[in-house]
Amino acid sequence: MNNNSIILKNLGEDGLSKISSEFYKIMREDDLIGKMYPDDDWAGAEDRFCKFLLFRFGANQDYIKERGHPRLRMRHAPYLIGEKERDRWMEIMDEAMTRCEVPDEVFKELHDFFANVADFMRNH
Ligand code: HEM
């Protein structure tokens, strides 16, 4: 079994969806990067992110059907993302995973995945 299917098997679709929901709860209150998100569409943002995770970890293809290829770097180009923004995003994600009681081993896998992508999003 590869790492992706281990993550999905361990957390289930519900687990990934809970992480997305906790993440956006914290993000809404964030004063550094929270304001980048569409204030009138928090539910939509959460839905896009959650579907991305479900796609990325092999649960289903809904994200691709609705949004096409992720092209995450291109989609993040409108936002100014430097080290501070990247690090805050990671702090919020780690806090969300902690609140969801993600088991240590899976926590580390997910943390490393998110850290790689977050670093790749830097454009400033
Ligand atoms: C590095 C700091 C990051 C910042 C400041 C940031 C910020 C944003 C913002 C403002 C949006 C628009 C919200 C919306 O309307 O959907 C967005 C969308 C999104 N972000 Fe990030 N993001 C970051 C890192 C990441 C990482 C690490 C991932 C994935 C591992 C990610 C995945 C996504 C996805 C899937 C979307 C929706 C794309 C779509 O439109 O289909 N982001 N992000």
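Modeller: A helix here is a DSSP run of H or I with at least four residues, numbered from the N terminus. The model is predicted.

Colleague: In which helix does Phe23 lie?
Modeller: Phe23 has 25 other C-beta atoms within 10 Å. The cut-off for buried is 20 or more, so Phe23 counts as buried. The element in which Phe23 lies is helix H1.

Colleague: Which residues does Phe23 touch, leaving out those up to four places away in sequence?
Modeller: Phe23 is one of the buried residues of H1. Contact requires C-beta atoms within 7 Å. With sequence neighbours up to four places away left out, Phe23 touches Ile92, Met93 and Ala96.

Colleague: What separates the C-alpha atoms of Phe23 and Trp89?
Modeller: Along the chain, Phe23 and Trp89 are 66 residues apart. Trp89 is also among the residues that come nearest to the ligand. The C-alpha separation of Phe23 and Trp89 is 9.3 Å.

Colleague: How many helices are in the protein chain?
Modeller: From the N terminus on, the elements run α-α-α-α-α-α. The chain has 0 strands. The helix count is 6.

Colleague: What does helix H1 span between its end C-alpha atoms?
Modeller: H1 covers residues 3-28. A straight helix of 26 residues would span 38 Å at 1.5 Å a residue.

Colleague: On which residue is the kink in H1 centred?
Modeller: The bend is the angle between axes fitted to the seven residues ending at a position and the seven starting there. In H1 that kink is about 85°.

Colleague: Is Gly15 buried or exposed?
Modeller: Gly15 is found in helix H1. The C-alpha atoms of Gly15 and Val102 are separated by 8.3 Å, although the two are 87 residues apart along the chain. Gly15 has 20 other C-beta atoms within 10 Å, and 20 or more is the cut-off, so Gly15 is buried.

Colleague: What covers the buried residues of H1?
Modeller: Those buried residues include Ile7, Leu11, Leu16 and Tyr24. The cover over them includes H2, H5 and H6.

Colleague: Which helix supplies the largest share of the shell around the ligand?
Modeller: H2, H4, H5 and H6 each supply at least two residues of that shell. The largest share is 4 residues. The helix supplying this share is H2.

Colleague: How many residues of the ligand shell are nonpolar?
Modeller: There are 22 residues around the ligand. Met36, Phe52, Trp89, Val117 and Ala118 come nearest. The shell holds 1 polar residue and 6 charged ones. The nonpolar count is 15.

Colleague: What is the radius of gyration of the protein chain?
Modeller: The C-alpha trace spans about 35 × 30 × 25 Å along its principal axes. A compact globule of 124 residues would have a radius of gyration near 14 Å. The chain agrees with that, at 14 Å.

Colleague: Is Arg71 buried or exposed?
Modeller: Arg71 sits in the loop between H3 and H4. Its phi is positive, about 35°, although Arg71 is not a glycine. With 10 other C-beta atoms within 10 Å, and 12 or fewer as the cut-off, Arg71 is exposed.

Colleague: What is phi of Glu101 near?
Modeller: Glu101 is in the loop between H5 and H6. Glu101 counts as exposed, with 9 C-beta neighbours inside 10 Å. Glu101 is a residue other than glycine, yet its phi is positive, near 55°.

How values were computed. Residues numbered from 1 in each chain as written. Predicted model: local features only at pLDDT ≥ 70, side-chain atom pairs only at ≥ 80, totals over all residues. Near = placed C-beta within 6 Å. Nonpolar A, V, L, I, M, F, W, Y, C, P; charged D, E, K, R; others polar. Rg over C-alpha atoms; globule rule 2.2 N^0.38 Å. Expected span 1.5 Å × (residues − 1). Contact = placed C-beta atoms within 7 Å.
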